[in-house]
Amino acid sequence: MSWLITGGAGFIGAHVVRALVEDGTEVVVLDDLSTGDPGRLPAGVPLVTGSTLDRALLDRVLAEHRIEGVLHIAAKKQVAESVAEPLRYYHENVEGLRVVLEASAAAGIRRFLFSSSAAVYGMPDVLTVTESTPCAPMSPYGETKLVGEWLVRAAGRAHGMGTVALRYFNVAGAAGPELADPGAFNLVPMVFERLSAGLPPLVFGADYPTPDGTCVRDYIHVSDVATAHVAAVHRLRDRPDRTELVLNIGSGEGVSVREMLDAIGRVTGLDATGEVVARRPGDPARVVASAELIAEELGWSARYGLDDMVASAWAGWQLRHPAD
Ligand code: WQD
């Protein structure tokens, strides 16, 4: 029996694939390769190239590979792009999920995991975000993840599937340089990009109501994110009937932009003193996970710290930008 991993050739998906394979689980990857890279997959992992919107393809894959459970990781994930192209985000993230759920239900799948996001919370007005903190997404991206959670829960109940939705906080780092995130859409790679160009990193606002005035986030190593999926697969495998979980994947520790710049300076040996510019519209001052529920339900907690995240991300950046 195998697990189907949609988006398994992407940045997070490939880390999940690798962790599951190391755990002895058979996997099959479905990826449209829009941002995925087959080179990230371990040898011997079957890759089906295609879209989650392709019902006939899903039916075929689910039948041919004797699939025991589905990890639906494939999604569009850029907040700004989702504001510009909401119809595309709803189509790919919500309709894509609906088709995968429909095919899964038709194939009698009883175990389903969905990649959600801290973006479902929007601007939480609490120091630590628990899974029962009210959700108020601020972008079409976050909306598609919240709607996705509802769809997964409803389909799970109607079709007898155990379900887990994992709300990723700020994912960073890499298990190896070749697995690093090639995009530069988040703080760590955006700082690397500036440093590589000989420019000071930008700090989007230093007048927030936080200890050093810069925004605080919960950064989580992608290898920790991957082991959380392995723990969730174990739970779904053992107890599909009694599993309907929505869980934060975070470290529980807040790190400010300035603290991140300090870590980047420490690890790279470069001068990462930031230049303060205007706030970026829509940024909440502080978003930090409570990681208690996932510890209780899955026995999982983060192992890697900030310097591990930065060092592994930097190794990946240098591999892709050898001339910098
Ligand atoms: C982090 C902090 C910026 C760049 C986004 C999505 C979220 C999730 C993760 C997917 C903020 C500041 C950034 C820079 C800066 N995605 N910053 N200078 O906005 O917390 O979360 O990615 O699920 O849904 O919203 O992440 O890495 O963009 O920013 O000062 O050059 O760094 O203002 O406070 P964010 P980020």
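Let me begin with the ligand: domain 1 (2-171 + 219-249) and domain 2 (173-218 + 253-290 + 298-320) each supply at least three residues to the shell around it. Those domain bounds come from an automatic or database domain assignment. Please keep in mind that this is a predicted model, in which local features need pLDDT of at least 70 and side-chain atom pairs count only at pLDDT 80 or more, while totals for chains, interfaces and linings use all residues. Residues are numbered from 1 along each chain as its sequence is written, and side-chain values use heavy atoms, with hydrogens and water left out.

Which residues come nearest to the ligand? Among the 18 residues around the ligand, they are Ser117, Leu187, Leu202, Arg217 and Asp283; a residue is counted here if one of its heavy atoms lies within 4 Å of the molecule. By type, the shell divides into 12 nonpolar, three polar and three charged residues. In this scheme Ala, Val, Leu, Ile, Met, Phe, Trp, Tyr, Cys and Pro count as nonpolar, Asp, Glu, Lys and Arg as charged, and the others, Gly among them, as polar.

I turn to the polar side chains at the ligand. Asparagine 170 places a polar side-chain atom 3.0 Å from a ligand oxygen atom. For asparagine 186, a side-chain N or O atom is 3.0 Å from an oxygen atom of the ligand. Arginine 280 has a polar side-chain atom 2.9 Å from a ligand oxygen atom. On its own the ligand has 690 Å² of accessible area, and the protein covers 87% of that; accessible areas come from the Shrake-Rupley method with a 1.4 Å probe, and for residues only the protein chains shown count as cover. Helix H6 (187-196) and strand E8 (202-204) are the elements that give two or more residues to the shell. The largest share, three residues, comes from E8. Helices (H or I, at least four residues) and strands (E, at least two) are DSSP runs, numbered from the N terminus.

The expected span is 1.5 Å times one less than the number of residues. H7 is mostly covered, with 13 of its 17 residues buried; buried means under 20% relative accessible area, exposed over 50%, and partly exposed in between (1.4 Å probe, protein chains only). Helix H1, with 12 residues, reaches 17 Å from its first C-alpha to its last, close to the 16 Å expected at 1.5 Å a residue. Because nine of its 12 residues are buried, H1 is largely enclosed by the rest of the structure. The buried residues of H1 include Phe11, His15 and Leu20.

Is alanine 9 buried or exposed? Alanine 9 is buried, at a relative accessible area of 0%. Its C-alpha lies 9.7 Å from that of serine 34, 25 residues away in sequence.

Another buried alanine is alanine 289, also at 0% relative accessible area. Alanine 289 belongs to the loop between strand E14 (286-287) and helix H9 (292-298). Between the C-alpha atoms of alanine 289 and serine 251, 38 residues apart along the chain, the separation is 6.8 Å.

Within helix H4 (residues 86-106) we find asparagine 93, which is buried at a relative accessible area of 2%. The side chains of asparagine 93 and threonine 144 are joined by a polar contact of 3.1 Å. A polar contact is a pair of N or O atoms within 3.5 Å; within protein, one must be able to donate a hydrogen and the other to accept it, and residues adjacent in sequence count only if both atoms are side-chain atoms.

Finally, the backbone. Most residues other than glycine have a negative phi. Leucine 33, however, has a positive phi near 60°. Leucine 33 lies in the loop between strands E2 (26-31) and E3 (47-49) and is partly exposed, at 27% relative accessibility. Arginine 66 likewise has a positive phi, near 45°. Arginine 66 is in the loop between helix H2 (55-64) and strand E4 (67-72), and at 54% relative accessibility it counts as exposed.
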